[in-house]
Amino acid sequence: GPGQAEMYAGLQELGVANGEDLKETLTNCTEPLKAIEQFQTENGVLLPSLQYALPFLDLHGTPRLEFHQSVFDELREKLLERVSAIALEGKVEERYKKLEDLLEKSFSLVKMPSIQPVVMCVMKHLPKVPEKKLKLVMADKDLYKACAVEVKRQIWQDNQALFGDEVSPLLKQYILEKENILFSNDISFLQNFFSPSPKTRRQGEVVQKLTQMIGKNVKLYDMVLQFLRTLFLRTRNVHYCTLRAELLMSLHDLEISDICTVDPCHKFTWCLDACIREKFVDNKRARELQGFLDGVKKGQEQVLGDLSMILCDPFAINTLALSTIRHLQDLVGQDTLPRESPDLLLLLRMLSLGQGAWDMIDSQVFKEPKMEAELITRFLPLLMSFVVDDHTFTVDQKLPSEEKGPIPYPSTIPEAFTKFLQENRIACEIGLYYILHITKQRNKNAFLRLLPALVETFSDLAFSDIFLHLLTGNLTLLSDEFALEEFCTSLFDGFFLTACSRKENVHRHVLRLLLHLHHKVNPAKLESLQKALEPTKQSGEAVKELYNQLSEKLELRKPSPAEVTEPPSMELPLPTVPTPASR
C-alpha cells in the first residue's frame, strides 16, 4: 500500500535498497533464485563469520527476517545508547554538531517504525532542533504524538495556541477535582477541603503534568501563568489562584532555579507556603511577609497583581482568616484594641490584597486596596464583644443562682454586625470564619444568635461552596441538636432554604448534610424538608442524584407495615394515669 511505500521512501535517498528495488530486479531477470541470492548477499549483514552461520539457522527453521530483526534490534539499542552518550561527551559545540549530522542523515527515515525511536532520541538531546524539522514534526499528528516532551517544548514555545490546546484539558480537570472535594459526600470536621498539606497537593496529577511540560522553560511557565490569569478574570474562579501558587512551589521543590529566580513572587510564596502548612502566620514569618510587601519598588508595582493572586488562593485566605480569629481571641485576653496590634493589621492588609485580586488584575491599577478604618475601629471590636459575651455567659452559668433566675444568652445581634457582613468584603470573610469557629466549639447559642446575619452577605459569600463545605463539616459536631425543632427551623428554614431555589449549589450542600445527618432529625421535620427540597425541572443532575439517594435512605427508615399492626386490645379497661407535667 501507499503507507508502506512512504514508510520506506527514505531508504533510497540514503542509497539503501528497498522492496521496490527487489521487485525491479526480479522483474528484469532470467534466473530469479540466483537474483534473490545475490540481493541477499549485497544487502545482508556484512560479516564474514555469518557466511556459515546463516545456513545453520536455516536448518533450524529460523526465518532470515527473525534473525535480521534481532540483529537490528540489538544495533538499534546500541545506537540509542551511543546517541545518549554523545549528548554528554566532548565540547558542547562538537557534540551538538555530531547529533545534528546524525539527524540530517536519519530524519528521512523518521516514518519507519523501526528507525523512528533513534530519530526521536537524537532530537530529544538537541537543545535546538532545526526549525525546518520542527515544522515537519508539527505538521504530522503521529510524529508530534511520538515526540519527546523536550522536543514538544521547543514547538510549544513559539505556538501558544497549540500549547493552550495541550494545557486546557488539564486546567478543566483541576477545577473539576477541586469541586468534587467541595461537594464530596463524606462530611467531617476532621477531614475537609483544607486538610491536605501543600506538599501533598503539589503531588496531584495536574500540577505534576504541568511541571513536566514546562521543564525549565521560562517562556512556557509565563504562558501558563497568562492562561491562569485570563481564566481567573473570565470566571472569577479562585482555584486558578491555588494552581498559580502550587505550580511555582512545585518548581521550587525541584529546585528549577531558571524559573524560580525570575518569578518575583517566589520568596513571598515560599514563606506563605510555610504558613499554610502550619495553618497559622507566626510573628517571624509575618515580619518576613511584611518585608516583601513593603519592598515593592516604584515602577515595579505590577508585581502586586501577582502577589494578590497568590493571596487570593483559598488556602492562603483560610490561613489568614484562622490567624485573624486567633489574634482576636488573644487580644481579648490581653485587653488590647485591634488597632494596637501590628500583627493583626498585617493579616488584614494581606486579606485585603487577596480579596482585591480580581479587581486589580481587571483594572490593571496596581496599588494596595485602602483599608477601611471602620473595619478596625468598629467591626473587629464587635467580634471581640461576642467573645466576651461567651465568657460572661459561661461564668454566669457556673455561679450559684440564689434569687436571680438563669441569665438568658444574648439573642439579638447588633445591627452594625449585619450591615458589615453585607457591605464589607473583609468583614464578611472574617465574620464567616468566626461563625465557623464557634460551630467548631459546639457553641450552639452563639451559632443561633449570629446565623440570621448570614442570609444576606457581601456578594452572597455565606452561600459560597467553600464556606458551606466547612460549615456542613463543622455542623456534624452539633449533630444532637438536629433533633430539636427550634434548631432545625433556624438552620433550614431560616438560612439554607432561603437560597435553595435560586442557588443550585446551596441545594446540593443541604442534601449532602441531610444524607449525613437525616437519622438525627425528627420524622415530621424530615418529611417537610423532603418536600421543600424536591428538585424542580430546572434542577441539575447532581441535585436529582443526591435527592434520590436521600429518598432511598428515608424509605429504608420507614417502619414496615408489619410493625405497625394494632396492639391486641385488653379486655379490662385500664385506669387512666395522669401524665407527669414536667417531662
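Analyst: Start with a cut-off: a residue counts as exposed over 50% relative accessible area, and as buried under 20%. Keep in mind that this is a predicted model.

User: What makes Arg442 count as exposed?

Analyst: Its relative accessibility is 51%. The cut-off for exposed is over 50%, so Arg442 counts as exposed. Arg442 lies in the loop between α25 and α26.

User: What is the phi of Arg442?

Analyst: Phi is positive, about 60°, although Arg442 is not a glycine. Asp460 also has a positive phi, near 55°, and is likewise a residue other than glycine. Asp460 sits in the loop between α26 and α27.

User: Why are α25 and α27 called roughly parallel?

Analyst: Helix α25 (residues 425-440) and helix α27 (residues 465-475) pack at about 15°, with axes 9 Å apart. Angles under 35 degrees count as roughly parallel, and therefore this pair does. The crossing of α25 past α27 is left-handed.

User: Which residues make the contact between α25 and α27?

Analyst: From α25 come Leu432, Tyr433, Ile435, Leu436, Thr439 and Lys440. From α27 come Phe467, Leu470, Leu471, Asn474 and Leu475. The contact residues divide into eight nonpolar, two polar and one charged.

User: Why is the pair of Phe447 and Phe487 called tilted?

Analyst: First, the distance. The ring centres are 6.2 Å apart, and rings pair if their centres lie within 6.5 Å. Next, the angle. The planes stand at 35°. Stacked needs under 30 degrees and edge-to-face over 60, so the pair is tilted.

User: What does the pair of Phe447 and Phe487 tie together?

Analyst: Phe447 lies in helix α26 (residues 444-450) and Phe487 in helix α28 (residues 485-500), so the pair ties together parts that are 40 residues apart in sequence.

User: How do you know whether Phe447 and Phe487 are buried or exposed?

Analyst: Phe447 has a relative accessible area of 0%. Phe487 has 1%. Buried means under 20%, so Phe447 is buried, and so is Phe487.

User: What makes the pair of Phe495 and Phe496 tilted?

Analyst: Their ring centres are 5.0 Å apart, with planes at 50°. That angle falls between the cut-offs of 30 and 60 degrees, so this pair is tilted. Phe495 counts as buried at 0% relative accessibility. Phe496 counts as buried at 0% too.

User: Which residues form the aromatic cluster?

Analyst: Phe447, Phe463, Phe482, Phe487, Phe492, Phe495 and Phe496 form one cluster. The count of aromatic pairs comes to 17.

Definitions and conventions:
Residues are numbered from 1 along each chain as its sequence is written. This is a predicted model: local features need pLDDT of at least 70, side-chain atom pairs count only at pLDDT 80 or more; totals for chains, interfaces and linings use all residues. Side-chain values use heavy atoms; hydrogens and water are left out. Axes are lines fitted to C-alpha atoms, for helices over the stretch in contact, and angles run from 0 to 180 degrees between N-to-C directions. Helices (H or I, at least four residues) and strands (E, at least two) are DSSP runs, numbered from the N terminus. Angles under 35 degrees count as roughly parallel, over 145 as roughly antiparallel, 65 to 115 as roughly perpendicular and the rest as oblique. A crossing is left-handed if the near helix is turned anticlockwise from the far one by less than a right angle, and right-handed if clockwise. Contact means heavy atoms within 4.5 Å. Ala, Val, Leu, Ile, Met, Phe, Trp, Tyr, Cys and Pro count as nonpolar, Asp, Glu, Lys and Arg as charged, and the others, Gly among them, as polar. Rings of Phe, Tyr and Trp (its six-membered ring) pair if their centres lie within 6.5 Å; planes under 30 degrees apart count as stacked, over 60 as edge-to-face and the rest as tilted. Buried means under 20% relative accessible area, exposed over 50%, partly exposed in between (1.4 Å probe, protein chains only).
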